[in-house]
Amino acid sequence: QVQLVESGGGLVQAGGSLRLSCAASGRTFSSSAMGWFRRAPGKEREFVAAIRWSGGTTFFADSVKGRFTISRDNAKNTVNLQMNGLKPEDTAVYLCAARSRAYYTGSLSPMAFDYWGQGTQVTVSS
């Protein structure tokens, strides 16, 4: 079993920045990719960004390209999401996800990931 714990959410004004972190733990942690999704009130879970564990190839939703970056620390089993230029429409619960299956091809579907964190709230005021 893999446990994912997010941190770093909060309230920020439009144009501001936040950095989210996700720490993965478990008896044996083996992941081909980790990612971030978000869920806004009344909306479906939406892909934000992902990173392959090996090689570090990154993937982003069009809505966050150029504003968000994703990085990983293999030694600490953590993945970070740096969010700059935040907009009110970025307000959501942000969820960390991990994929235990083989090679991640960049799918935006939540079904591509196997483990989920509880989420951290990000609120952007206008």
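User: How do you know what share of the contacts with a separation of 6 or more joins residues 24 or more positions apart?
Analyst: In this predicted model, such residue pairs account for 57% of the contacts in the chain with a separation of 6 or more. A contact here requires heavy atoms within 4.5 Å.

User: What makes up the secondary structure of the chain?
Analyst: Strands, 11 of them, and 0 helices. From the N terminus on, the order is β-β-β-β-β-β-β-β-β-β-β.

User: How do you know whether the radius of gyration agrees with a compact globule?
Analyst: Set the value against the rule. For 126 residues, a compact globule would have a radius of gyration near 14 Å. The chain has 14 Å, so the two agree. Along its principal axes, the C-alpha trace spans about 40 × 25 × 25 Å.

User: Why is Arg67 called buried?
Analyst: Its relative accessible area is 13%. Buried means under 20%, so Arg67 qualifies. This residue is in the loop between β6 (58-60) and β7. Beyond four places in sequence, Arg67 touches Gln82, Met83, Asn84, Gly85, Leu86, Lys87 and Asp90.

User: Why is Tyr115 called partly exposed?
Analyst: Tyr115 has 22% relative accessibility. Tyr115 belongs to strand β10 (residues 115-116).

User: What is Tyr115 in contact with, leaving aside neighbours within four places in sequence?
Analyst: Gln1, Val2, Leu4, Cys96, Ala97, Ala98 and Ser100. Take Ala98: this residue and Tyr115 are 17 residues apart in sequence, yet 5.1 Å apart in space, C-alpha to C-alpha.

User: What makes a set of residues a nonpolar core, and which members of the largest one touch the most others?
Analyst: Members must be buried nonpolar residues joined through side-chain atoms within 4.5 Å. The largest such core has 37 residues, and Met34, Trp36, Leu81, Met83 and Tyr94 touch the most other members. Strands supplying at least two core residues each include β1 (2-7), β3 (18-26), β4 (33-39) and β9 (92-99). In soluble globular proteins, nonpolar side chains tend to be buried together. Across the chain, buried residues make up 45% of the 126 residues.

User: How far apart are the mean positions of the positive and negative charges?
Analyst: They are 5 Å apart, for 14 positive and 8 negative charges.

How values were computed. Residues numbered from 1 in each chain as written. Predicted model: local features only at pLDDT ≥ 70, side-chain atom pairs only at ≥ 80, totals over all residues. Heavy atoms only, no water. Helix = DSSP H or I, 4+ residues; strand = E, 2+ residues; numbered from the N terminus. Rg over C-alpha atoms; globule rule 2.2 N^0.38 Å. Buried < 20%, exposed > 50% of the residue type's maximum accessible area, 1.4 Å probe, protein only. Lys, Arg positive; Asp, Glu negative; His and termini not counted. Charge placed at Lys NZ, Arg CZ, Asp CG, Glu CD.
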